Amino acid sequence: MNLKSERRGIHVDQSELLCKKGCGYYGNPAWQGFCSKCWREEYHKARQKQIQEDWELAERLQREEEEAYASSQSTQGAQSLTFSKFEEKKTNEKTRKVTTVKKFFTASSRTGAKKAEIQEAKAPSPSINRQVSIETDRVSKEFIEFLKTYHKPGQDIYKQCKLFLDTMNHKKDLSIEEQSECAQDFYQNVAEKLQTRWKVSPEKVEKAMDQIEKFIMTRQYKYVFCPETTDDEKKDLAVQKRIRALHWVTPQMLCVPVNEEIPEVSDMVVKAITDIIEMDSKRVPRDKLACITKCSKHIFNAIKITKNEPASADDFLPTLIYIVLKGNPPRLQSNIQYITRFCNPSRLMTGEDGYYFTNLCCAVAFIEKLDAQSLNLSQEDFDRYMSGQTSPKKQESDSWSPDMCVGVKQMYKNLDLLYQLNERQERIVSEAKKLEKDLIDWTDGITKEVQDIVEKYPLEIKPKNQALAAIDSENVENDKLPPPLQPQVYAG
């Protein structure tokens, strides 16, 4: 089935979701497009021989412990090892178990460190001193009850799980990638042992692996989820900030075929958001995957109700992107990395859990790279929406339905008024800046003109002229003047 969609820049192709090696399983962007099986294939080939030797050594030591314990309990008529007696045996022979763990999980045996191993064996285990939470205690009891149905294989499984937990407690200084490899190796070896040595049916193997994962990861969760040695927290904050900046994205921009005005569809959307948010509260990778699966099924139901026909993958991915944007799940990247590192690989390679998880990874990658072209918007509109200057969700009063809530109408009116006031304020500020610039330019122009005139017509200061003598003043030269005319009177 071709899952390619050309609508508004969202491209989804079934080939892009499959493993690059062509094995037919779903690939994962976190594994560079390969499925878990192909990604780890070469690594397992190199270590298979060493792992097999370690298993043989562990089995031999296990048989010796069982024979020693059986002989010590023969006087009391004990016929088999029970789980309670096995716990007592574990405490009494702590030194031997630690040595077994080191030989089993270490790539090469250490020579010349026998004294250091004995001292470490005498030290109390952190798992014994650590306060066991209520949930951890409940999971442990459920795990023991479940293994009782497996009889002899159940005892061996429980023992290997306890050995693995003790080993992980002594290897907390390893990187998260190395701890992930240890967990994945443990999953694979236990599954192979169940199938080859104990001849357990595939259905029971799958159930056992789910319980093993639950038992182990419940105890290891706080050590391996979002550790401080990684940048998972930094990525979480970046994704949350990105989703908050994209709060304005509408279903129409993503071509989401969901009509939230239908009450049933609205309920499905709320449930989908609740499930994707609830993923962060789970400890076990399988439970986190179950939340993703439930969210995806609610999405399919919402699409089916809206379109009145079965939903397709073309409709699913855009709707999942919209749900992630609307819900903004906490610690999204940390949860994805945790599932990738410590989930049973068989769940991620096949089945609906793996398919939905791959789609979630694709949705997060799309959100991180979302741009104007992806939403069929101009770069100018995209920048204005991202900066918060305007919003495409604004509704005009003409489009309001008669039964709309009065409070919602008043809210939109207030928003419109605030928008207009904001525009006026921006316009006033712009005009004020322009006036300020004009005044500065006018002052500079006048100053320049004055300077030009002064340079062209420089000011010259002349000496002061002597004052002119008055006509009637006493002056020698006045004697040479003719006498003044005398008025004459004519008769007549």
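Author: Arg331 is partly exposed, with a relative accessible area of 34%. Here buried means under 20% relative accessible area, exposed means over 50%, and partly exposed lies in between, with a 1.4 Å probe and protein chains only. The model is predicted, so local features need pLDDT of at least 70 and side-chain atom pairs count only at pLDDT 80 or more, while totals for chains, interfaces and linings use all residues. Residues are numbered from 1 along each chain as its sequence is written, and side-chain values use heavy atoms, with hydrogens and water left out.

Side chains of opposite charge can pair when their charged atoms come close. Arg331 has such a partner in Asp280: the two form a salt bridge, and their closest N and O atoms are 2.9 Å apart. Asp280 sits in the loop between helix H12 (263-278) and helix H13 (285-307), and Arg331 in the loop between helix H14 (313-327) and helix H15 (332-342), so the pair ties together parts that are 51 residues apart in sequence. A salt bridge is a side-chain nitrogen of Lys or Arg within 4 Å of a carboxyl oxygen of Asp or Glu; helices (H or I, at least four residues) and strands (E, at least two) are DSSP runs, numbered from the N terminus. Asp280, at a relative accessible area of 14%, is buried.

Gln240 also touches this place. Gln240 belongs to helix H11 (residues 232-245) and is buried, at a relative accessible area of 18%.

The structure holds 18 salt bridges. In one of them, Lys307 pairs with Asp315, with the closest N and O atoms 2.7 Å apart. Lys307 is partly exposed at 31%, whereas Asp315 is buried at 3%. Elsewhere, salt bridges that share partners join Arg138, Glu142 and Lys214 into one network. Another pair is Lys148 and Glu145, whose closest N and O atoms are 3.3 Å apart. Both ends of that pair count as partly exposed, Lys148 at 41% relative accessibility and Glu145 at 48%.

Next, the nonpolar packing. A nonpolar core is a set of buried Ala, Val, Leu, Ile, Met, Phe, Trp, Tyr and Cys residues joined through side-chain atoms within 4.5 Å. The largest one has 52 residues, and Leu254, Ile292 and Ile323 have the most contacts inside it. H11, H12, H13, H14, H15, helix H17 (351-368) and helix H18 (379-387) each give two or more residues to this core. Another core, of 32 residues, lies apart from it and includes Phe164, Met168, Val190 and Met209.

For the chain as a whole, there are 19 helices and zero strands. Of its 492 residues, 41% are buried. Contacts between residues at least 6 apart in sequence join residues at least 24 apart in 72% of cases.

The mean pLDDT, the predictor's confidence in each residue from 0 to 100, is 79, and 71% of residues reach 70 or more. Over residues 75-87 pLDDT stays under 50, and the model has 17 contacts beyond four places in sequence for them. Residues 93-132 also stay under 50, with 43 such contacts.

Key. Contact = heavy atoms within 4.5 Å.
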